[in-house]
Amino acid sequence: MTHYVDSEVGRLGTVLLHRPGPELARLTPRNNDSLLFDAIPWVGRAQEEHDAFAAELRGRGVEVLYLATLLAETLAVPEARAELTEQVLGSPRLGDTLRRRVADHLAYLDPAALADVLTAGLAHEEVRISAERPGGLVWTMMDRHEFVIDPLPNLLFTRDSSLWIGDRVGVTSLAMPARRRETTLTDAIYRYHPRFVGTRAVYHPGLEHLEGGDVLLLAPGVLAVGVGERTTPAGAERLARQVFAAGLAHTMLVVPIAQERATMHLDTVCTMVDVDTVLMYPNVASTLSAYTVIAGPDGEPRVDGPAPFLRAAADAMDLDQLRVIDTGLDPVTAEREQWDDGNNTLALAPRLCVGYERNVETNAQLERAGIEVIPIAGSELGSGRGGPRCMSCPLVREPLRPPAG
């Protein structure tokens, strides 16, 4: 199977999603902040909204793969099962006695049930404990509501833990402690699942912090990487070295973004909807800057700038200028719809994208500009701060020819 992505807008062929499941039901007012959710989602409605999203993609001819299904199939491979089990058992907070109890618990599970535990977590009261098989001091002193294995509610946002550049996968290095185990699951899928046999990697979880929501494939050979709350300058530099050495890109734009919740990734303020068109939050459109990074003759990344982002991007893409569509119509609407992921669209093809239906003005702006919008419900899906792009990792897009300038 050939997986290939060289742009944000080439016709989408295959996408990786994660249907929200029991891990969302683990969220409570006590833990939602630490697990990076702004509200407690209604799980059933979130699943309905996600199913409708997936149905829209299939209706447009997109192959939809589910992370949980791939993970269960991966866990049927003995080496993958041993590796992922060892990873969760390696937590230093377990202690030896509880670690043995958890190991016994996991050993009984078939691959699908083990996948459920690795994504939804394992609660204190779910561990098989008895007088003959005690949990030890750690289990005894734990609050009954604590998790022995933490849930991963942010798996919903498959864009962050991996991305494809050309025919190579980048398994990222997530910054927030609540999300770091996500990449161990994704990494195992790409290394052990039969569908991905022979896949070469361009990034690994052990490298500097880099998240997929900060990486935009502006055009074949041209990347933009946001640096802010989640991706570090060192992560951007490491990716530059990797893609230049592999011949996957000739230019990278490194874009500083505000280290705030509303702008946690570059794709919260800017996404592409056509080969020469971006949807942008107007509050940052004129102030966003970029450093241009290319490979020097000695192989070292060479840095120029900063320059205005829109100018630097157009130059790198060999365009006279980028067309910009603003979020909303006025400052208040723009701020509201940016918070509601109005900028976070998923392009299915040039001039065709998916967006949350509640961002009425932004969607109207897109339609007026000749961009067809497929509106989806997201009242519950958006509680973790992410839109259609965040919830999808493209594995196959039709290659684009670089547009004429």
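# Close-up views of a predicted model

**View 1. Helix 4 crosses helix 5 in a right-handed way.** The residues that make this contact come from both helices. Helix 4 supplies Arg81, Thr85, Val88 and Leu89. Helix 5 supplies Arg99, Val102, Ala103, Leu106 and Ala107. Sorted by type, the residues of this contact are 6 nonpolar, 1 polar and 2 charged. The structure shown here, and in every view below, is a predicted model. Helix 4 spans residues 78-89, and helix 5 spans residues 96-107. Their axes come within 10 Å and cross at roughly 150 degrees. Angles over 145 degrees count as roughly antiparallel, and helix 4 and helix 5 are therefore roughly antiparallel to each other.

**View 2. Ser91 sits in the loop between helix 4 and helix 5.** Is Ser91 buried or exposed? Its relative accessible area is 18%. Buried means under 20%, so Ser91 counts as buried. Now look for Ile149. In sequence, Ser91 and Ile149 are 58 residues apart. In space, their C-alpha atoms are 8.9 Å apart.

**View 3. Helix 3 has several buried residues.** This helix covers residues 67-74. Its buried residues are Leu67, Leu70, Leu71, Ala72 and Thr74. What covers them? Among the covering elements are strand 1 (12-17) and strand 2 (63-66). Helices take part too, including helix 4, helix 6 (111-120), helix 8 (158-161) and helix 9 (180-192). An α-helix has 3.6 residues a turn, so residues three or four places apart point the same way.

**View 4. Helix 3 meets helix 9 at roughly 60 degrees.** The two axes come within 9 Å. At that angle, helix 3 is oblique to helix 9. The crossing is left-handed. On the helix 3 side, the contact is made by Leu67, Leu70, Leu71 and Thr74. On the helix 9 side, find Leu185, Thr186, Ala188, Ile189 and Tyr192. How many of the contact residues are nonpolar, polar or charged? There are 7 nonpolar and 2 polar residues, and no charged ones.

**View 5. Cys390 carries an "active site" annotation in an unreviewed UniProt entry.** Where is Cys390 found? It lies in the loop between strand 18 (372-376) and strand 19 (393-397). Cys390 has a relative accessible area of 3%, so it is buried. Which residues does Cys390 touch, leaving aside those up to four places away in sequence? They are Leu156, Phe157, Thr158, Arg159, Asp267 and Asn344.

**View 6. A cis peptide bond runs from Gly305 to Pro306.** Its omega is near 10 degrees. Where is Pro306 placed? Pro306 belongs to strand 14, which covers residues 301-308.

**View 7. Just after helix 12, Asp318 takes a positive phi.** In helix 12 itself, Phe309, Ala312, Ala313, Ala314 and Ala316 are buried. Asp318 lies in the loop between helix 12 (309-316) and strand 15 (323-326). Its phi is about 60 degrees, although it is not a glycine. Is Asp318 buried or exposed? Exposed means over 50% relative accessible area. At 53%, Asp318 therefore counts as exposed.

**View 8. Arg351 also has a positive phi without being a glycine.** The phi of Arg351 is about 65 degrees. Its place is the loop between strand 16 (346-349) and strand 17 (352-356). Arg351 has a relative accessible area of 42%, so it is partly exposed.

**View 9. The chain as a whole has 14 helices and 19 strands.** Step back from the close-ups. How many residues does the protein chain have, and what share counts as buried? It has 405 residues, and 57% of them count as buried. Now take contacts between residues at least 6 apart in sequence. Of these contacts, 73% join residues at least 24 apart.

Definitions and conventions. Residues are numbered from 1 along each chain as its sequence is written. This is a predicted model: local features need pLDDT of at least 70, side-chain atom pairs count only at pLDDT 80 or more; totals for chains, interfaces and linings use all residues. Side-chain values use heavy atoms; hydrogens and water are left out. UniProt positions are given in the numbering used here, feature names are shortened, and annotations may be inferred rather than shown by experiment. Helices (H or I, at least four residues) and strands (E, at least two) are DSSP runs, numbered from the N terminus. Buried means under 20% relative accessible area, exposed over 50%, partly exposed in between (1.4 Å probe, protein chains only). Contact means heavy atoms within 4.5 Å. Axes are lines fitted to C-alpha atoms, for helices over the stretch in contact, and angles run from 0 to 180 degrees between N-to-C directions. Angles under 35 degrees count as roughly parallel, over 145 as roughly antiparallel, 65 to 115 as roughly perpendicular and the rest as oblique. A crossing is left-handed if the near helix is turned anticlockwise from the far one by less than a right angle, and right-handed if clockwise. Ala, Val, Leu, Ile, Met, Phe, Trp, Tyr, Cys and Pro count as nonpolar, Asp, Glu, Lys and Arg as charged, and the others, Gly among them, as polar.
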